[in-house]
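Subject: Structure handover

Hello,

Here is the structure I promised you. Please open it next to this email and follow along.

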Amino acid sequence: MTQPKTPRPAIRQSDFQRLSEFRYLIRRFLEFSQVQAEDAGLTPRQHQALLAIKGYPGGGPVTVGDLAERLRIRHHSAVELVNRLGEAGLVARDQDKDDHRRVLLRLTERADGCLAELSAAHLDELSRIEPMLRRLLDRSQD
């Protein structure tokens, strides 16, 4: 026997407006990010990959599979992306010393410098929109 669904609270006009504004701010941030990446000579996906490698949780080694998961793409797409990043001198592959079947990814000095510049610009933009995001996420104002 299936359990009856819990009634969903009524969605108010202010909820729709808050969701709409949230999506708008996300789109604006993504557009900003795309322009910044392109100005740095990267595609947005390449920028995301560099950030995913550098910012991997726990700072541990990153495999192609880990990168695919973090970017929410298929493994073969991540392999192609890593190949392009390697050809551009942005990512190096190292064989895992403990498991020779695993290949670990690391950023080159060039990628570190590029990512530092991009990240500084992104953190500035986030600090600019942070008050708007906080207001949207604060449900106590309803």
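Over how many bridges do β2 and β3 pair, and in which sense? They pair over five bridges, in the antiparallel sense. Two strands count as paired if DSSP finds at least two bridges between them.

First, some ground rules. This is a predicted model, in which local features need pLDDT of at least 70 and side-chain atom pairs count only at pLDDT 80 or more, while totals for chains, interfaces and linings use all residues. Residues are numbered from 1 along each chain as its sequence is written, and side-chain values use heavy atoms, with hydrogens and water left out. Helices (H or I, at least four residues) and strands (E, at least two) are DSSP runs, numbered from the N terminus.

The sheet

The sheet is open and has three strands, in the order β1-β3-β2, with antiparallel pairing. β1 and β2 (91-95) stand at the edges with a single partner strand each, so one side of each has no neighbour in the sheet. Look at Ala92: its bridge partner in β3 is Arg106. In general, strands of a sheet pair through backbone hydrogen bonds, either parallel or antiparallel.

Now find Thr63 in strand β1 (residues 62-63). Is Thr63 buried or exposed? Thr63 is buried, because its relative accessible area is 12%. The cut-offs are under 20% for buried, over 50% for exposed, and partly exposed in between (1.4 Å probe, protein chains only). Beyond its neighbours within four places in sequence, Thr63 is in contact (heavy atoms within 4.5 Å) with Arg102, Val103, Leu104 and Leu105.

Helix α3

Helix α3 covers residues 64-71, and its buried residues are Val64, Leu67, Ala68 and Leu71. They span an arc of only 100 degrees around the axis, so they sit on the same side of α3. That arc is taken from the directions from the helix axis to the C-beta atoms. The buried residues of α3 pack against α2 (44-54), β1, α4 (75-87) and β3 (103-107).

Arg72 follows α3 and has a positive phi, near 60 degrees. Arg72 also forms a salt bridge with Glu69, with the closest N and O atoms 2.9 Å apart. A salt bridge here is a side-chain nitrogen of Lys or Arg within 4 Å of a carboxyl oxygen of Asp or Glu. Arg72 is exposed, at 63% relative accessible area. Glu69 is partly exposed, at 47%.

How many salt bridges does the structure hold? It holds nine. One of them joins Arg128 and Glu125, with the closest N and O atoms 2.9 Å apart. Both residues lie in helix α5 (residues 109-137), three residues apart, about one turn of the helix. Arg128 is partly exposed at 42%, whereas Glu125 is buried at 12%.

The core

A nonpolar core is a set of buried Ala, Val, Leu, Ile, Met, Phe, Trp, Tyr and Cys residues joined through side-chain atoms within 4.5 Å. The largest one has 24 residues, of which Leu50, Leu67 and Val91 touch the most other members. At least two residues of this core come from each of α2, α3, α4, β3 and α5. Leaving out residues up to four places away in sequence, Leu50 touches Leu42, Leu85, Leu90, Val91, Leu107, Ala111 and Leu115.

Best wishes
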